[in-house]
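Let's take a walk through this one together. Have the sequence and the 3D view open side by side, and follow along.

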Amino acid sequence: MAADTTVYKEIEGKGGDYFSLIGWLGVMILAALYAVYNMEHHGHVVTGMTNAVVWGTPHVLAIFLIVAASGALNVASISSVFGRTHYKPLSRISALTAVALLAGGLMVLVLDLGRPDRLIVAMTYYNFKSIFAWNIILYNGFFVIVLAYLWMMMERRMNPHSKKIGMMAFLWRLILTTGTGSIFGFLVARPGYDAAIMAPLFIAMSFAFGLAFFIIMISVSYKASDRPLGDFILFKMRNLLGVFIAAVLYFTAVQHLTNLYAAEHAGIEAFILWDGGIYTFLFWVVQIGLGSLIPLAILFNPASGRSCQGIMTAAGLVIIGGIAQLYVIIIGGQAFPLQLFPGMEVSSSFFDGAVHSYAPSHWEVMLGLGGIAAAILIIVIAVKYLPLLPTSLSDAKIDPHHKVK
Amino acid sequence: MTDKSMNSVDKARRNLLKGGAAAAVVTLAPGVTLQTVQAAVTGPATSAKRWGMLVDANAPEGVWDLAVEACKAEQGWGKTENVNQATDPQWIRKVSIKDPKTGAKATLPVMCQHCAKPPCVDVCPTGASMKRADGIVLVDKHICIGCRFCMMACPYSCRSFVHEDVRGQKPHMPRGKGTVEACTMCVHRVDKGQKPACVDAVNAAGSNAIIFGDLNDPNSDIARAVSKFVTQRIRSDLGVEPGIHYRGI
Ligand code: SF4
């Protein structure tokens with residue numbers, strides 16, 4: 001491996017654009033905190049949630065961020081674990097993005113608790129049988145490992161060790177995403193969730209969502225800071241994104257086909273795929289169409305696949321499709337009634353046997369978007385004060401021998 | 001209230017949850033209570049016992065309304081002045097079922113099934129969801145963080161999240177906005193040697209539609225009944241082994 005000659009430099013971060021971006025992000029975070037105040041003061045009665053749909057929009061966006069976080073680390077892993085040196089210059093920002101997305105996601109998750117003031121309880125009382133408790137440990141560990149990894153990459157003396165910890169970070173993130181997927185996989189009573197396929201599905205989703213976010217972030221920050229971003233690295237990431245989208249499609253197909261095969265899951269499958277109203281729409285139109293097939297078409301179209309705009313559009317659609325996918329999994333899975341008496345017509349004052357309605361309240365949306373804003377804010381501030389972004393990602397810099405075809 | 005007295009209240013409540021003691025409450029001023037700890041009449045919770053119920057789904061429908069109202073009155077839930085009735089907790093509910101093929105109908109009460117292998121306890125990150133040695137499943141409201149994972153895990157939709165301020169709390173049953181709650185099998189009464197409120201209400205109306213007792217004691221009414229009639233447990237295929245048995249479904 002040739003010596004790393006990449007020059008990393010803080011961005012200027014002086015212009016009006018930079019400060020107005022910070023301002024807007026700040027406003028979004030304040031709005032989220034105001035929403036939390038209302039949810040805590042009045043209780044969750046001001047949200048769209050009920051006793052049947054207990055995890056709502058904040059969970060969708062929080063889990064999106066957490067899943068994307070581990071995926072964003074991929075670029076660093078590909079270079080340090082799999083030795084693809086052309087990704088090396090992006091390793092630092094990849095690690096930082098992972099930390100920022102996780103922080104944003106956890107912020108939403110914690111603030112949506114019924115008792116966020118008891119966070120210290122969550123940190124001190126552990127039920128080790130609970131996959132949730134394991135996740136708390138996995139998330140904390142992820143911060144520690146990835147920050148150590150970042151430091152070792154940035155501190156010249158520690159560089160030789162960065163490969164080892166990079167490997168560790170990679171393994172940790174696989175476990176972490178498995179853990180996040182297993183939150184659903186362990187719910188035996190919910191026909192929409194109890195499938196072993198959830199863990200690999202979530203890993204594929206994390207690859208796709210994390211990379212999509214990463215592509216947009218890199219493109220925007222290089223454009224905004226007037227630094228060269230060559231086609232070589234961009235097209236590499238484009239190809240990878242295409243593979244990840246296909247992988248998510250594959251696991252989604254397996255998820256539904258295996259469920260269709262199991263008779264007891266026929267009800268939930270018909271609900272999601274056929275007559276579930278908003279969930280069916282989100283599944284076919286937003287997740288599959290807008291979020292998977294159209295991005296694939298854009299990425300592999302000879303014209304749009306070679307333009308930065310085209311690739312960014314595809315990445316943006318992957319994010320929208322990903323949020324829809326999580327909405328279908330998380331909320332669709334709860335909206336479908338639990339089968340207490342299979343084969344019977346059931347009714348009660350507690351809405352047994354009925355499809356549960358859920359509509360997000362503006363408070364929940366504000367809280368969720370606040371988490372995304374917090375993640376972006378961390379990145380925007382970090383790149384100003386830390387040498388994370390290479391001064392150039394031009395083709396000549398990344399791979400002098402390569403000719404883009 | 002000082003920290004110290006708060007602590008002793010907490011301790012008393014926790015002891016109650018563990019089944020080691022019953023708490024007596026003296027109201028000093030509105031909202032300020034003093035609790036003293038007494039040994040439970042029945043002694044500490046032990047795995048020698050397995051509290052359970054047998055519900056007769058063929059009983060006339062009206063008795064279930066009595067059971068639901070008795071639970072509300074005893075535990076202090078179901079206040080009609082709440083902002084949104086649709087998100088109100090329901091510790092016990094009357095469920096109507098109909099077989100679409102035969103047209104046969106039944107109504108039966110569904111409350112926390114007090115599983116021997118409760119999924120809600122397995123998933124709870126803090127251990128707030130717990131099962132006493134005698135099989136009663138409870139939430140320790142002092143360490144519940146309101147994550148609602150237990151509600152996701154419960155196969156019976158038997159848990160409720162307190163969506164708004166609680167009104168008319170009962171001293172023996174602390175409740176709190178932002179935490180999860182469910183039927184406690186009237187643990188505060190059982191520990192004093194009494195029956196759960198719903199069972200008493202049904203019995204008082206001259207019905208034996210719910211039998212309560214120790215499934216481990218071969219001489220108890222419930223143990224004799226479950227050995228005599230074929231009983232069912234809801235979704236027994238899930239293997240969670242509920243403590244609530246049903247006849248006639
Ligand atoms: S809501 Fe409370 S009782 Fe339920 S799993 Fe979370 S912490 Fe445990």
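Keep in mind that this is a predicted model.

Now for the charged pairs. Across all chains, a search of the whole structure turns up 16 salt bridges. One of them joins Arg93(B) to Asp352(A), with 2.5 Å between the closest N and O atoms. This pair crosses between chains: Arg93(B) belongs to strand β4 (residues 92-98) of chain B, while Asp352(A) lies in the loop between β2 (345-348) and α13 (362-385) of chain A. Both Arg93(B) and Asp352(A) are buried.

Stay in chain B and you'll find Arg132(B) in a salt bridge with Asp134(B), the closest N and O atoms being 2.6 Å apart. These two, Arg132(B) and Asp134(B), are buried as well. Compare Glu69(B) and Lys72(B), whose side chains meet in a salt bridge at 3.4 Å, N to O. They are three residues apart in helix α2 (residues 62-75) of chain B, so about one helical turn separates them. Glu69(B) is partly exposed because its relative accessible area is 46%, and Lys72(B), at 23%, counts as partly exposed too. There's also a network of salt bridges linking Glu61(B), Asp65(B) and Lys94(B).

Next, the ligand. It is surrounded by 13 residues, the closest being Cys124(B), Cys144(B), Cys147(B), Arg148(B) and Cys150(B). Sort the shell by class and you get nine nonpolar, three polar and one charged residues. Cys150(B) has a relative accessible area of 8%, so it is buried.

With those cysteines in view, how many disulfides are there over all chains? The count comes to zero. A disulfide is a covalent bond between the sulfur atoms of two cysteines. Take Cys120(B): the closest cysteine sulfur, in Cys112(B), is 6.3 Å from its own, and that is too far for a bond, given a cut-off of 2.5 Å. Cys120(B) is buried, because its relative accessibility is 9%.

One last stop is Met151(B), in helix α4 (residues 149-153) of chain B. At 5% relative accessibility, Met151(B) counts as buried. From Met151(B) to Val110(B) you cover 41 residues in sequence and 15 Å in space, C-alpha to C-alpha.

Key: Residues are numbered from 1 along each chain as its sequence is written. Chains are lettered from A and ligands numbered from 1 in the order in which they are written. This is a predicted model: local features need pLDDT of at least 70, side-chain atom pairs count only at pLDDT 80 or more; totals for chains, interfaces and linings use all residues. Side-chain values use heavy atoms; hydrogens and water are left out. Buried means under 20% relative accessible area, exposed over 50%, partly exposed in between (1.4 Å probe, protein chains only). A residue is near a molecule or strand if one of its heavy atoms lies within 4 Å of it. Ala, Val, Leu, Ile, Met, Phe, Trp, Tyr, Cys and Pro count as nonpolar, Asp, Glu, Lys and Arg as charged, and the others, Gly among them, as polar. Helices (H or I, at least four residues) and strands (E, at least two) are DSSP runs, numbered from the N terminus. A salt bridge is a side-chain nitrogen of Lys or Arg within 4 Å of a carboxyl oxygen of Asp or Glu.
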